[in-house]
Every structure is written in C-alpha cells, then in structure tokens.
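Please work through each task before reading its solution.

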Amino acid sequence: MTDARIAATAGSLERTGRRWWSGSAAASDRLFSALGLLSFVALWWLGSVTSDFVPPIGEVLDAVPSFLTEEDIYGDITDSLTRVVGSLAIAVLLGFWAAYLMARRGFWGLVVARYVDLAIGLPSTIAALLALFIFKRSEVGVFVVVTIACFPFVAITLRQGFLSLDRRLTEMGGVYRLGAVAQIRNVSIPHLVPYTLASVRNEYAHAWRVVVIAELFAVNSGIGWRFTQAYDRFLLVDVSLWLLVFISILLGTEYLILRPLERWVLRWREGKL
Amino acid sequence: MSIPFIDVEGLKVSYDGSRLVLDGVDMAVEENEFVAVLGPSGCGKSTLLQVLSGLLRPVAGRATIAGHDMTGSAAERPRVGYVFQDHRLLPWRTVAANIELVLEASGLPRSEWDARIDRYLDILQIGQFRDAWPMRLSGGQRQRVSIARALAIDPAVVLMDEPFSTLDEVTARTMRQQLVDLWQESSRAIVFVTHSIREAIFLADRIVILTRGPARLLEDVTVPIGRPRRYEDAEITELESEIVDRVMGVWGYEEQQPA
C-alpha cells in the first residue's frame, strides 16, 4: 500500500471513528463532562441502594436549601479557603526560592533538593500529627502542614522552568542592551509564568485535600472540622452536603477562575508554532 | 590613513581558554558597505558577530566600530542591530511590543517609537501584524519582524547571522531582494554571515572568506557585478563556480582531518 493510500485510509478511519460524536472540541468536552457527571450520580444512586452508609440523592438534595441558609457554614468555608490560599501563596514563594537554588546546582541547591525530597516523601497525615505536637491546636499548624505538602511540588515544577530558560532570548537581550531588570521582567518572568500557573492549578486541589486532613487534627473550624463533627454524630446527610460543598468550591475555582485566568495569561501561545 | 568603520585585527577567540575558535581574523568594513562573511558550517562565523556585537570578549586582537572598542563598556559602544538565524522574538510580547522593548533599551525618545515601528513594519510589508503575537506569524513574517527590530533602533551597523537559512527558497529570495533594497535606501554597514556562496555574491559588495575552524582569513573577494542583480544571473553563477573551486580544497581537505 502506498504512503498516500495508507494516509487516506488512516484519515478515513479517523473520520469514521469520530463520526458518532464529531463536532467541535468544545461540544465534545461538554458531552464528556455531562457523561462524567451522570456516571457520578449513577454510582451515588447505586451506593445508596446497596449500603446504609450512603444517603439517597433525594434526601441530600432536599436538605440543601436549609443547609445553605445556615449562616455559620460560611464562616467555616471562609476559614478553609483562607488557609488554602494563604498556604498556597507561601508554598509558591518557598517553591520559587527552592527552585531557583536547585537550578543553580550549588551547595545550597543540593541542600534544598534534599529537603524537597524529604517533603515529597512525608505523608500529609503524619505532617498533620507532627504539626499538632509542635504547634498544638493552632492555626499556624494548619498553614505549616499545607505549605509543607505543596511547596516541594511547586519547587520541582518551577525548577524545570528555571532550567529551560531560553539562553538565546537572554543573548538577544544582551545584544540590544536590556538591563538586568528588563531581562527579568521581559524574559525570565514571562517564561516562568506557565510553570507557575501549572503548579498553582495542581497544588490548589492538593492543598484542599490536605487542609481537610489538617483541620481534622489541629483546629475547631473549617470544612475538615465540620466533616469530623458530622461523621462523629453519624449525620450522613451532613457529611454528603459538606462533600458537595468541597467539590463545588474545588471545581468552581478550577473552571471559573484558574482555567480562564490561565487561558488569558497564556493567550500568546495560541496559533502556529 | 583613516581607520575603517568596522576594524577587526588579529582577533582570537576561545570559549574554553585553550581551543581557539577564531585564530587571528582580520577584517575591515566601510561605513556604507555590505560585506558577507563566508565560511563552512561551524568555522566561527557566528562567533565573529558575537564579538562585534559585544557579547563575547576575544582572548587577543581587537574589534572596533566607528572607533569604539566593542569589548568595552556597553554605554560607550555604538548601537548594533542583530538578526539571528532564528527570530528570537519574545513570544509573549506582540510584534510592536517586541520592537518597543529594544527601542526603550536603546534610549530612543518614546515620541518616535510609533513612527519607527510603523515605518519598518510597512517597509517589510508586515504592517498588518503590528499587534499580532509572534507565534501566529509564519517563519518569514517573524524574520521580517526581527529585521524591523534590528533597523528600528537606528543602528550603526546591522549584523546578520544566516537569517534566511531556515526559510523556504521563495521566501528567502524575496527577503534577500528586500534586504538589498533596504540597505540601498539606508546606506548603513551590513555584515552578513552565510555559508551559501550564491547568497553572498547576490547580496554583498565584498566577501570575506574564512578557513575551516579555527577560522583565519582565507580570501577577501570584491564582487565585480553591478546592481541590480538577479539571483539567477550568469555572472553570479560564474563567480560562484570560481569561488567554489578556490575554497573546495581548503574547506574539503580539512573536513577529512580528525577533530
């Protein structure tokens, strides 16, 4: 078979394979998102009819209006959100600094790399218990646990950014006499932005999972603490409601803030290579 | 005797301090001259431009432009436009913003920026892409922006490092002609590095031929062909054959030697 015929056959197969859901990429994204949501609802329904530990969907949805009118839930949501955003900001700063040192590969780079390895290997639950011993039941402990959990991953992603800085652009800047500040502002920082955004997106979800664990041990507020309260009293509808809040915040931030922000900041990437 | 506008004497360059890349290169370029630097791949042609642009310090010899030592302080050096083999535009800045960046660094008054940007983009026929992102342009369009950037700062000299080698032949021919038109209009010195003998003959007044690395001056050839020239001219073909015959032994022989 000639190359042209092979290519034509492959193209035809591809077209045939895509025919049942063909359309724009956005439409297929929406279709798969809807299918994912439906499968989640189906699994929930299956769990509720086969187990006593999963409340029926209808029962949980009926409780939503009264749950949302409880004023104190917003305080706990705000507490958790503050801890996530604050810890993540500290993690990004620490990660940036660690990545810079690691990329330079000096003595301090090697030292920091070992701390990063150690932090990656430390389970979040152990970190939360250690923070409880060291900081007792305090707000600082939660921030420390979430920061320790997130910063090594930020550092590793940003190290790749530092290592892939384009020397050719720096050379261009040298020829045209861009000073150090102009080089950092126009060459280095824009190059690191995609790496920073990627690490923030990944670690935002990670931070939420860790903050819930930290709140179980260390404080009397936040979504994690409310989970424990509901679970200890076997209030399974409340557990489900808090789970829905958790998922809504995570996905809402991802799709309404982080992804649009990333698309806007990296709009220069669209187009031909 | 007056000093040439670009004066390179006994230039020796080494990246590692022991192995020479340039081994005593001499070259002179007059103020309005178009000079091609011809040599085999890897012989050190780009290194010569790096020294002339102030990016690299030689281990011996000197390089001056308009009497200023190009290895001296940046503030005292004359402005140099540089067109690289790849466009080296910042992909996160629009076409206009890329040029504004070098205009700012060159200290040109902000009131002149727009006019300069429009002028050179229009001359290079890419005015419609003023606010476009570089990644949305074709290879030829990006290289045109790179040339506009080099010219917009009103440089004393334009250094070009095989700027058309990655383009398709038709685009490259169009751009070579545009470059000649621009040079004739602006009358500023251009040093154009290439490994294409025909390209060098078509573009330049004079061709400085280097040996294989470590490069030394092999020959200085004045192109005896009037302008305008056509890329397919018989005279160009004839001179190309002569130069090929002359360099074949030197470039080809050393290719047989172990590294």
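Two residues are in contact if their C-beta atoms, placed from the backbone, lie within 7 Å. The model is predicted: local features need pLDDT of at least 70, side-chain atom pairs count only at pLDDT 80 or more, and totals for chains, interfaces and linings use all residues. Residues are numbered from 1 along each chain as its sequence is written, while chains are lettered from A and ligands numbered from 1 in the order in which they are written.

**Exercise 1.** Determine which residues of helix α8 (residues 167-175) of chain A are buried, and what covers them.

Solution. Helices (H or I, at least four residues) and strands (E, at least two) are DSSP runs, numbered from the N terminus. A buried residue has 20 or more other C-beta atoms within 10 Å of its own C-beta, placed from the backbone. In α8(A), Leu169(A), Met172(A), Gly173(A) and Val175(A) are buried. Viewed down the axis of α8(A), these residues fall within an arc of 160° (taken from the directions from the helix axis to the C-beta atoms), so they line one face of the helix. Their cover includes α9 (180-218) of chain A and β6 (80-83) of chain B. After α8(A) comes Arg177(A), with a positive phi near 65°.

**Exercise 2.** Identify the residues in contact with Leu52(B), leaving aside neighbours within four places in sequence.

Solution. Leu52(B) is in contact with Ile6(B), Ala63(B), Ile65(B), Met70(B), Leu159(B) and Val191(B).

Terms used
A residue is buried if 20 or more other C-beta atoms lie within 10 Å of its own, exposed if 12 or fewer, and partly exposed in between; C-beta atoms are placed from the backbone.
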